[in-house]
Each structure stands twice: as C-alpha cells, then as structure tokens.
Amino acid sequence: QGPSTGFTDAAPLAPAELESIRRREADIYRGAAFIFPLSERLLRSFIDDFRIPPERVVATYAGPNMDLQSIQAATPSRHQIGPPTILFVGRQFHRKGGDVLVESFRRVRVRVPDARLVIAGKPPGFVQGPGTTSLGDLDKNTPAGWAALAAAYTSADIFALPTRFEPFGIAFVEAMHFGLPCIGPRAWAVPEIIVDGETGYTVPVDDVTELTDRLLQLLGSRAVAPAMGAAGRDRARQLFTWPRAIERMLNVMTPLLRSPERQVRSLAS
C-alpha cells in the first residue's frame, strides 16, 4: 500500500515486480509459526492482504531506540520560561512532511510571533525563515549527538511530525517518553500511538490548516501541552518499550516451544 504515496523504496517498481515481492513474502509468512508486526494496522494487513490466520499474528508495538534511563534523567518538569517551541525530527524531510510543517509554522508565527521551530535531521540553514533553526543530522549513538538530541526534546513544548508515510513511528514514541504532546497524521499506525485529544492530536495528511489549528491550540496554553505530554509519557511507559515488546513475544513463543508436538519435532530432527 505504501508505493502509492511515492515515498517508499517500492515506489519505482513496476506492478509485476511488486507482485513478485508479494508472492515471495507470502511464502515466507505462510511458513512462520507466528508473526510479530509492530502495529495493529500491520496486523490487519497480514490477515487481509496475505490471508494469514488471525491466531498466528500478534502485534508487539516497539520502544524508543534510546536508553530509557537516559531519557528519564534528561526529562524536565516542563515548566518552561523560554519561547514556545515546536520540534521536528527526521532525515527524510519531505516524506516526514517537513514542508507541510514549515508552511504551518509560517501561519503560526502570525499569531504567536515568538514561536520557534527546531528541525533535527537537516543541516543548518536548510530551512530559512524567522524563528526556524536546523540542528543538523544528530546521531544519537554518539555522546555529542545524543546530548544535542536530548536537549532538543527537553527544550521543546510540542513534537510535530506530519509524515506522509510511516511504517510505525518510533520518533513519536521517543517524544512521548520525553513528555511531549505529539501531532501526527491520521494515517498508518500513528493513531495507535497518539490518542487524539489526550496525548496530542492527529490530523489529515497534508492538511496545513488543521495542523496549524492544533499547533495554536497547544501553544495557546502552557498548561494543556504539559498535561497531554504527561499523559503521553505514561502511555509510552505502559505500551511502548522494548521490554514490553519482548514480553508480548515471549508470551507467544514460550508455550509454542514447550509444546509436546514441538519437542517431538525437535528430537526427530
């Protein structure tokens, strides 16, 4: 389904090539005892598109690709004095809807002149305009990159990523662990991560007007954004961690590996 967006590696492929890939994947999926997709949306694709029996598909979700203790150590109380700040994190600027956010931010600045937009993932000067700062490509696997990215998360009031195509949305999970309310598209698996009206907002893809409205709602009250961010952090700690994902997998795999049929099959091999 992704190639229709024009933002996946499969977009340049011909229909015959896509069908060949689909058949190859279907053969692999049919031979699997269980399949662990990252989202309920992807789970439905395995069932509907590949005809995998529902009892063989379990959604695990995912965690942030950061150390949780480091996140907790870096997270502030969110009582900030500085200018209201929106954060965008993404190397693939157009796929992630960076151009949509820039246009929306231009409108936000008319109503909130001191608002700031911070962009992580693109070089300084990549986006020009009042209140906009590009931090460069921050590698969180290096001490300097991690420190800069953590500082960006902790200095922001809102995380906005109006992405056009997103297999899951790890960046939303990371922002939620930092206590940020999130705004993302009402598409893909994003509505499973963001609870609209509780931990942030979901908006239609490419809808600059609604995105602007939601940004202004959060920027209009320095109390609402921290409350939504706190709710998002609680949700992330409950659902979106790698230990929880592993737990969901083990709940399925352990009984399977202990089953008499599996033991007999193992001895026979």
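Leu38, Trp242, Ile246 and Leu250 together make a nonpolar surface patch of about 340 Å². Such a patch joins nonpolar side chains (Val, Leu, Ile, Met, Phe, Trp, Tyr) within 5 Å, taken from residues with over 30% relative accessible area and no salt bridge; areas come from the Shrake-Rupley method with a 1.4 Å probe. The model is predicted, so local features need pLDDT of at least 70 and side-chain atom pairs pLDDT 80 or more, while totals for chains, interfaces and linings use all residues. Residues are numbered from 1 along each chain as its sequence is written, and side-chain values use heavy atoms, without hydrogens and water.

Helices (H or I, at least four residues) and strands (E, at least two) are DSSP runs numbered from the N terminus. Leucine 250 has a relative accessible area of 45% and is therefore partly exposed, the class between buried (under 20%) and exposed (over 50%).

The largest pocket has a volume of about 850 Å³. A pocket is an open set of points on a 1 Å grid with protein on both sides within 12 Å along at least five of seven lines, and lining residues have an atom within 4 Å of a point. In the largest pocket, 27 residues form the lining, and Gln1, Gly2, Pro3, Glu25 and Phe165 are the closest to the centre. Helix H1 (15–30) and helix H2 (40–50) are the elements that give two or more residues to this lining.

The second largest pocket has a volume of about 480 Å³. Its lining has 22 residues, of which Val89, Gly90, Arg91, Lys140 and Ala171 are the closest to its centre. Helix H6 (residues 170–177) contributes the most to this lining, with three residues.

Two of these central residues, Arg91 and Lys140, lead on to the charged pairs. Side chains of opposite charge can pair when their charged atoms come close. The structure holds 14 salt bridges, each a side-chain nitrogen of Lys or Arg within 4 Å of a carboxyl oxygen of Asp or Glu.

One of them pairs arginine 91 with aspartate 137, with 2.7 Å between the closest N and O atoms. This pair links distant parts of the chain, 46 residues apart: arginine 91 is in the loop between strand S1 (85–89) and helix H4 (98–111), and aspartate 137 in the loop between strand S3 (132–136) and helix H5 (143–155). Arginine 91 counts as exposed because its relative accessible area is 51%.

Another salt bridge joins arginine 164 to aspartate 99, at 2.9 Å from N to O. Because arginine 164 lies in the loop between strand S4 (158–160) and H6, and aspartate 99 in helix H4, the pair ties together parts 65 residues apart in sequence. Arginine 164 is buried, at 15% relative accessible area, whereas aspartate 99 is partly exposed, at 29%.

Glutamate 174 and lysine 140 form a further salt bridge, with the closest N and O atoms 2.5 Å apart. Here too distant parts of the chain are linked: glutamate 174 is in helix H6 and lysine 140 in the loop between S3 and H5, 34 residues apart. Glutamate 174 is buried, at 3% relative accessibility, and lysine 140 is partly exposed, at 26%.

How values were computed. Patch = residues over 30% accessible without salt bridge, like charges linked within 9 Å, V, L, I, M, F, W, Y side chains within 5 Å. Buried < 20%, exposed > 50% of the residue type's maximum accessible area, 1.4 Å probe, protein only. 1 Å grid on protein atoms, 1.4 Å probe; cavity = no way out; pocket = protein on both sides within 12 Å on 5 of 7 lines; lining within 4 Å. Points joined across faces, edges and corners; volume = space filled by probe spheres on them.
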